[in-house]
Amino acid sequence: MKVLLISANMLTEPYPVYPIGLDYVAAALAPRHAVRIADMNVVRDGQGLARIIQQDPPEVIGVSLRNVDNTDCTAPKTFMAEYQGLIRAVRNNSPAPVILGGSGFTIFPREYMDGLGADYGIIGEGERLAELLDAMENRQYPAGIPGVMVRGKVPDFPGPLQQAFDRGGQGGNAQLAFYLKHGGMLNLQTKRGCHFKCIYCTYPHVEGRTLRLIPPAEVAQTAVSLEAAGAKYIFVTDSAFNADIDHSLAVAKAFQKAGLTIPWGAFFAPIQLPDGYFNEMAAAGLTHVEFGTESLADRVLAAYQKPFRNKQVFQAHGAAVGAGLNVAHYFLLGGPGEEEASLEETLTQVHKLERTVLFFFCGMRIYPNTDLYDLAIREGRLTSASNIFAPVFYRGNTLPSGEILRRVRQAAENRPNWIVGAGGEGTAGILSKMYSRGFSGPLWEYLIR
Ligand code: B12
């Protein structure tokens with residue numbers, strides 16, 4: 001069949017993100033189906049999309065919905081209206097069935113099916129589109145395929161894919177040039193799944209709990225092919241690159257063996273790590289470490305069900321800085337267990353994290369299929385009928401809403417390495433200017449103090 005896959009994401013904060021998910025979906029359909037990718041960052045608007053559709057009318061249209069909102073309660077942004085505009089452009093120009101997928105869709109399938117009037121959706125891994133297309137070609141009713149949603153009924157969450165997943169070849173993608181020009185950053189995955197139990201997190205729902213490791217040599221081959229395609233920097237998209245310590249070390253060694261020369265970065269959990277871990281990473285080209293730290297108060301870390309405590313944060317931080325790496329910490333304040341004293345503890349101790357950038361998110365977004373959601377129901381803050389598609393943030397009993405933000409903003413004054421929220425349009429604008437002058441990568445290292 002002729003398939004058009006559309007990446008709907010046009011968010012440029014903190015920077016534009018290459019739609020890696022569609023590479024996997026396209027690879028799963030090729031060569032049996034003729035697949036084209038339309039990336040809205042490149043296509044820009046409905047007219048551009050109409051031209052692509054009319055040039056070679058597709059028989060099926062898949063739409064990737066990555067972001068639901070920006071998870072930032074200081075400057076909330078949602079995307080439904082933008083996605084509705086996109087679907088209008090599709091429907092005005094094509095009778096082809098529309099199939100939704102992506103992380104945003106997986107988190108809120110019913111809301112998107114209804115809000116966008118789609119024909120089908122696929123919850124979880126989009127490689128299953130191959131099975132759905134088979135069923136469509138054979139005129140079979142597809143509701144039995146794991147993860148496939150037909151209007152009206154949300155299917156059970158599917159188990160992980162049984163087969164290995166394949167990124168396909170890089171280099172031939174029309175959208176690649178856009179990202180090479182805007183920061184030169186491409187991305188890759190070294191595994192799927194997250195076995196951590198952080199109460200607020202959607203990752204285990206989006207990717208599954210079991211870690212499914214991609215052989216290190218294969219990851220390195222992808223990295224080298226991204227470099228050959230022109231990448232100046234690679235971001236590893238794993239939920240936490242070091243969730244499997246041995247695998248992360250093996251990937252780093254494979255990068256060295258394959259001769260990767262460009263820098264790369266990843267999310268890390270500040271857990272107990274073997275001696276010399278970050279030195280080995282640095283030797284393999286790692287330059288940026290993004291720690292999902294969330295709090296420095298042990299009782300809050302325990303309430304969030306984080307797999308580390310304050311002591312490990314400082315150890316991991318020291319090891320990464322000692323290895324000469326650029327280090328950032330993300331904080332998520334105001335979740336269960338946060339109170340006056342714990343906030344104070346975090347804000348006073350955070351100064352001891354030297355040579356770093358701190359991103360503060362003040363308010364914990366409640367998502368379905370998380371422990372936080374269940375807790376909010378048990379505490380009577382939500383009912384199962386509550387609408388949480390429009391962002392709803394957890395509110396504790398002791399700190400009035402707005403107070404955390406006020407204190408963090410106050411503490412952040414005159415500290416350029418304290419960023420409240422994602423940085424917003426201001427940061428995105430600065431980055432865009434720096435990219436146009438040839439800078440590459442995430443660039444937050446220029447804020448390190
Ligand atoms: C890595 C990452 C980042 C990195 C990206 C770096 C880079 N250069 O790639 C950074 C830190 C920059 C980032 C930023 C943001 N992120 Co982010 N990020 C992730 C993360 C951990 C992995 C995403 C990824 O690449 N996965 C690997 C690929 C292969 O998977 P995938 O894209 O989901 O695709 C698969 C399926 O979804 C599906 N699929 C995808 N498209 C389609 C299409 C069809 C038709 C079908 C059938 C299936 C399908 O099939 C694919 C293969 O199996 C996810 C969480 C997670 N574990 O998924 C959050 C996540 C995607 N991010 C999220 C958010 C909110 C953001 C930000 C808005 C946060 C902020 N305030 O700054 C920004 C937005 C950036 C932007 N410009 O869009 C949310 C999105 C949902 C939501 N809550 O709105 C997620 C899910 C995390 C969360 N909080 O729930 N992010």
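Two residues are in contact if their C-beta atoms, placed from the backbone, lie within 7 Å. The structure is a predicted model, in which local features need pLDDT of at least 70, side-chain atom pairs count only at pLDDT 80 or more, and totals for chains, interfaces and linings use all residues. Residues are numbered from 1 along each chain as its sequence is written.

**Exercise 1.** Determine how many helices and strands the protein chain has, and describe its overall dimensions.

*Solution.* Step one: the protein chain has 18 helices and 17 strands, where helices (H or I, at least four residues) and strands (E, at least two) are DSSP runs numbered from the N terminus. Step two: its C-alpha atoms fill a box of roughly 60 × 55 × 40 Å along the principal axes. Step three: of the contacts in the chain with a separation of 6 or more, 76% join residues 24 or more positions apart.

**Exercise 2.** State which strands form the open sheet and which of them lie at its edges.

*Solution.* Step one: seven strands build the open sheet, in the order β7-β10-β11-β12-β13-β14-β17, and their pairing is parallel; two strands pair if DSSP finds at least two bridges between them. Step two: β7 (185–188) and β17 (418–420) are the edge strands, each pairing on one side only. Step three: within the sheet, β12 (residues 286–294) and β13 (residues 326–333) pair in the parallel sense over six bridges. Here G292 stands opposite Y330 in β13.

**Exercise 3.** Explain why α1 is described as largely enclosed, and identify what its buried residues pack against.

*Solution.* Step one: a residue is buried if 20 or more other C-beta atoms lie within 10 Å of its own, exposed if 12 or fewer, and partly exposed in between, with C-beta atoms placed from the backbone. Step two: seven of the ten residues of α1 are buried, so this helix is largely enclosed by the rest of the structure. Step three: the buried residues of α1 are G21, L22, D23, V25, A26, A28 and L29. Step four: they pack against β1 (2–7), β2 (34–39), β3 and α7 (129–137). For the protein chain, buried residues make up 44% of the 449 residues.

**Exercise 4.** Describe the residues that surround the ligand, and find the element that gives the most to this shell.

*Solution.* Step one: 45 residues surround the ligand, the closest being G21, G62, S64, G101 and G126; a residue counts as near if its C-beta atom, placed from the backbone, lies within 6 Å of the molecule. Step two: elements giving two or more residues include α1 (20–29), β3 (60–64) and β4 (98–101). Step three: α1 gives the most, with five residues.
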